[in-house]
Amino acid sequence: MMGEIIHLLLGPLAHPFMVRGLLASLIVGIVCAVLGTFVVLRGMAFLGDALAHTILPGVAIGYLLSGGARGPLFWWALATGVLTSIGIGAISLQGQIKEDTAIGVIFAGMFALGIALISTVRSYSVDLAHFLFGNVLAVAPSDLVLTAAFGGLVLLLILAFYKEFLVISFDPILAATLRIPSKFFHYLLLVMLAVTIVISLQTVGVGLMVAMLVTPAATSSLLTRRLPAMMAVSTAIGGFSAVAGLYLSYYANIASGAAIVLVCTGLFILAFVFAPHKGALWRALRKKGKAFA
Amino acid sequence: MAAILSKRYVHDAQAPSVSVKGVTVQYDGTRALDDVSFELVRGERVAVVGPNGAGKSTLFKVIAGVLQPTHGQVTLFGTEPQRHICVGYVPQRSQVDMSFPVNVRDVVMMGRTGRLGLLRWPTRRDRQLVQESLELVAMADLASRQIGELSGGQQQRVFIARALAQGAEIMLMDEPLTGLDVNSQEDILHILNELHRRGVTVLVATHDLNQAARCFDRVMLLNRRLIGLDYPDKILNATLLWQAYGEQLRLVETKDGAMVFSDTACSGDHLESE
């Protein structure tokens, strides 16, 4: 029995592309889960989803210019992501049009532009699918290095400015009276979000990105009561989902990004129903207990 | 180090703790504040009274240096608010996300963020200050509770402790008594006395005229314009109250004297018990 499990776990590791895929997924799962706690607490889920989609035209241009080579795509995506995150940040601080409306307009427009650009290539549908839903098994060693470097940078920034991010998220007026440069940190968070989205492109792609950001953190919020604990549990869920999802994808022969997200979602449903105190079952039982008491 | 500190926290001991000169705030054509001027001395307790929409929150934001007035000038201890981190803002409870994953101690520690500066973690001294602040508001026993699990009065005390940990010398409280039961209100008024003793200038927005008259050194009547700022017995007269509240006020003559019924509308809060 034990031997079989070990065999099942080690089997995929015989392929170098699987090892790289696992490492890339693990990094992405962890970085998304940590940054995701702020995305959830600040109500930036829609913003994250939109930002992921607006990267598509940048990726498409890079793709067309490089004639199909994947190497330069990372930098094109990064440049587009940083630019649009700053643009979206400016709109959200502007207040002329409602923020979610403005984001919706830009997001759909940019996404359409990306699709239009990619559709000029003959292998349109396959390429588009890779950008939309990821292709983790095609992670090259150089991709892995970039993923680790930029993922590490995001984690380092969160650690360095933890208390500032906490204050601007919990109480903007306190942040202002303490003379914390809230705008700077708002933009920094958006740029970090863009970087995280770019390193996640190959793992889960544009379309499923938001799940990696939101689902582990949301699950964790049902199980914890303090931010450090929420981050730790979210990290564990994100990391586990990434690895478990990839195994699932290997053995069940399903798309890797989708498999990872499905594991995340499954964990969320479990927590939503069974979590102590905050779970649906617990609350229903307590209500019943009160009714009988 | 001393140079950096003095650049930021210059306090002129002779200057008024709060000085507001000709402050007007305009939001898209409507005036939230109209040519407001006054001065407060160190350690004063002032109740700010006026109907809903009188500009109380706007005034607080201008004093805190969070909002730039359209005209006029604010100085704290002689210099503009943006150079101070000694202003504690105690928000209305309805404006805070009480489900946020922080406990009482975490919230109070946030007050230390400004003094700590970037890339510094709290030291033992910070933790000690947080503990002392919690003891002062009698919340040390509940330091590990998540803030959503507290009663309204307890939450209010936590935010006062946070301002104390911040080292606030001017405290702005936006309706801290609204929606609290009598005992919780008394607890907070008790803390206000302690703040007064420590020389903290306190401005409290309130709907309760009786409390304003009973528990504060001076009362400010505000309705976009400054109607008056004086000792309670001078300010609570029919002419001034009528100017502040107009139609929202009822005066009833009884054989024991005039009774005033004020606008007690609360912003979505409900009475709750400890």
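Helix 9 (residues 162-170) of chain A packs against helix 11 (residues 182-200) of chain A in this predicted model. The angle is about 105°, and the axes lie 10 Å apart. Axes are lines fitted to C-alpha atoms, for helices over the stretch in contact, and angles run from 0 to 180 degrees between N-to-C directions. Helix 9 and helix 11 of chain A are therefore roughly perpendicular. Helices (H or I, at least four residues) and strands (E, at least two) are DSSP runs, numbered from the N terminus. Helix 9 of chain A brings Glu164(A), Phe165(A) and Ile168(A) to the contact, while helix 11 of chain A brings Ser182(A), Phe185(A), His186(A) and Leu189(A). Two residues are in contact if their C-beta atoms, placed from the backbone, lie within 7 Å. Four residues of this contact are nonpolar, two are polar and one is charged. Here Ala, Val, Leu, Ile, Met, Phe, Trp, Tyr, Cys and Pro count as nonpolar, Asp, Glu, Lys and Arg as charged, and the others, Gly among them, as polar.

Residues are numbered from 1 along each chain as its sequence is written, and chains are lettered from A and ligands numbered from 1 in the order in which they are written. As the model is predicted, local features need pLDDT of at least 70 and side-chain atom pairs count only at pLDDT 80 or more, whereas totals for chains, interfaces and linings use all residues.

Chain B holds an open sheet of six strands in the order 5-6-7-3-8-9, with mixed pairing. Two strands pair if DSSP finds at least two bridges between them. Strand 5 and strand 9 (225-230) of chain B are the edge strands, and each pairs on one side only. Neighbouring strands are turned by 15° against each other on average, direction ignored. Helix 2 (residues 56-64) of chain B packs on this sheet and touches strand 3, strand 5, strand 6 (170-174), strand 7 and strand 8 (218-223) of chain B.

Strand 3 (residues 45-49) of chain B runs parallel to strand 7 (residues 201-206) of chain B over five bridges. Four bridges join strand 3 to strand 8 of chain B, also in parallel. Ala47(B) stands opposite Val204(B) in strand 7 of chain B, and its bridge partner in strand 8 of chain B is Val219(B). Five of the five residues of strand 3 of chain B are buried, so this strand is largely enclosed by the rest of the structure. A residue is buried if 20 or more other C-beta atoms lie within 10 Å of its own, exposed if 12 or fewer, and partly exposed in between. Arg45(B), Ala47(B) and Val49(B) point one way, and Val46(B) and Val48(B) the other.

Val48(B) pairs with Ala205(B) in strand 7 of chain B. Val48(B) is also among the residues with the most contacts inside the largest nonpolar core, which has 166 residues. Such a core is a set of buried Ala, Val, Leu, Ile, Met, Phe, Trp, Tyr and Cys residues joined through C-beta atoms within 7 Å.

A second sheet in chain B is open and antiparallel, with three strands in the order 2-1-4. Strand 2 (30-40) and strand 4 (71-76) of chain B each have a single partner strand, so one side of each is left without a neighbour in the sheet.

Notes: Angles under 35 degrees count as roughly parallel, over 145 as roughly antiparallel, 65 to 115 as roughly perpendicular and the rest as oblique.
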